[in-house]
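Try each task before reading its solution.

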Amino acid sequence: MRSDRNSRAPLALKIAAALGLLFLHLPILLIFVYAFTTEDRSFQWPPPGYTLKWFAVTWNRPDVWEALGLSVRVAAISTVVALVLGTLCAAAVSRTKFFGRETISLLVILPIALPGIITGIALRSAFNLADIPFSFWTIILGHATFCVVVVYNNAVARFRRTSGSLIEASMDLGADGFQTFRHVVLPNIGTALLAGGMLAFALSFDEVIVTTFTAGQQATLPIWMLEELVRPRQRPVTNVVAMVVVLVTFLPILAAYYLTRDGDQIAGSGK
Amino acid sequence: MSAGAHAILPGRGGLFGTLSDVLWRNPRLTLFLMLTPPLLWLGIIYLGSLFALLAQSFFSIDEFSGLIRYEWTFKTYAELLRPSNLDIILRTVSMAAAVTLASAVIAFPIAYYAARYARGKWKALFYLGAMLPLWSSYLVKVYAWKLILAKEGILTWIFAKLHLTPVLEAWLALPVIGGNSLSVSYTGTFIVFVYVWLPYMILPTQAALERVPESMLEASSDLGGSPAQTFRHVLLPLALPGIIAGSIFTFSLTLGDYIIPQIIGSSRLFIGQAVYAHQGTAGNIPLAAAFTVVPIVIMGFYLWMAKRQGAFNAL
């Protein structure tokens, strides 16, 4: 039973929570305003005027398109690699108990638990030692490594809620292992994999610290932005790119949230 | 599975059928096949490079030729203890501690409101309110603060509108934390660190607070505890594992970051920047490697402490 006094939040708590949320969101919204500013030399506030000109300018910039294209290709391939490796690992860890199971979880989480600079410099010096030239594929080696954990986490959580008896039932009814995977396992873990894949894509699309170490001359979109941040040349174009990046990353995050939200209603969860 | 099952069912025909049968009868083989690709990838690419890096920290650099001397030595670690390098380590660790403390203070009301009072739609809103900033682009967030903290930016404007410009100037005139403008001061670096890592603190704190039964808080106030006493002796100890779990992220991420202090901050180096500088233009991989050992050791110690406090159950 709950008394009235306790079901209402104290005013101070409400204000503190609201201020905290504003602190988290206002800075991002500010970028949207700056994308329309007519000022192109400084970060002047309030903007002297508003214009749509910079969208056209950005649209016609080949370097932005190249960076965007590279980022999308890297993120897509890293996501596929992470999906395969993460699902295999999650299936093995959640299906069976074996020696060293905890160690495997730790190994998967390590690339994201240790600061990115350590992963980055470790990979770079290893590439140097092994005489591997920096290329598109060295970026992917780095990205896929830390994307595995996102897929793994999502898949493990779903496997735990999926009953093993479903698989046994499928086998008893005469399906072989591949049919069972295709018609029983995959539909059950599908949304979790989709969500994990989207988050992995968002993670790779945004990664900059490891990428600065594993990319040679190519610039992914974050590397392009980093260069603009360190040596601003085209502030208005950067503003527009930043706004587009915010919008593009919000979609997969929202989608991933809605996909995993109803995860409790999985077939066989009420065993 | 067992020999009995085999006796009842005939084996499947075809390549896939046979393969499927073999895998089903040998769970260990299946496990081995499932684990091999991810373990090979993580083991060779990740652990391999990590150990190669750590090994290099035991080499040293020849001062005259600038080449790496491949002999086992602790010389590079001794170099780490030079005053200028110790300064860098101390600066980074104090920044990480300050950022962690501030994030915990700001995150607590949000997490507490979300865990205890928010229901239905509001709950989802609070969850997304922490998730969206967590996943949105790191560089865009840093960029946003470059806009805000710039001398001609919105913060200076707000201070001017509120007739508080002298306050801002007095703050910037302070030694150590002040500077020419907010975007080149430690204060700026601190604000951006707190902003960028705050969501990592909110989510675990909220998870821990969700598990605090309301009856305990009621019992405390029934027994005469004031709200402050209830908070100090009941709520905080129960929330602590979650806060520590969050602090693992804020602490570790601040220790290793080199982009935020480079873009917003004074010219004095943090560990991450030192690593970057030593491996890049200086080509002193051994010293860079030794520098990376510092956050690894600190985090190892931190994780060990956190584990003793039961923080891992709150993740």
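Ala, Val, Leu, Ile, Met, Phe, Trp, Tyr, Cys and Pro count as nonpolar, Asp, Glu, Lys and Arg as charged, and the others, Gly among them, as polar. The model is predicted: local features need pLDDT of at least 70, side-chain atom pairs pLDDT 80 or more, while totals for chains, interfaces and linings use all residues. Residues are numbered from 1 along each chain, chains are lettered from A in the order written, and side-chain values use heavy atoms, without hydrogens and water.

**Exercise 1.** Describe the lining of the second largest pocket.

Step 1. Take the volume: about 990 Å³.
Step 2. Find the centre. Of the 26 lining residues, the closest to it are Arg95(A), Ile167(A), Trp24(B), Thr30(B) and Met34(B).
Step 3. List the elements giving two or more residues: α4, α8 (165-172) and α9 of chain A, with α2 (14-25) and α3 (27-56) of chain B.
Step 4. Sort the lining: 17 nonpolar, seven polar, two charged.

**Exercise 2.** Characterise the packing of α6 (121-135) and α10 (186-210) of chain B.

Step 1. Read the geometry: an angle of about 150°, axes 8 Å apart.
Step 2. Identify contacts (heavy atoms within 4.5 Å). On α6(B), they include Tyr127(B) and Met131(B); on α10(B), Tyr200(B) and Leu203(B).
Step 3. Sort the contact residues: nine nonpolar, one polar, two charged.

Technical notes: On a 1 Å grid over the protein atoms alone, a cavity is a set of points where a 1.4 Å probe fits but cannot get out, and a pocket is an open set with protein on both sides within 12 Å along at least five of seven lines; lining residues have an atom within 4 Å of a point. Grid points are joined across faces, edges and corners, and a volume is the space filled by probe spheres set on the points. Helices (H or I, at least four residues) and strands (E, at least two) are DSSP runs, numbered from the N terminus. Axes are lines fitted to C-alpha atoms, for helices over the stretch in contact, and angles run from 0 to 180 degrees between N-to-C directions.
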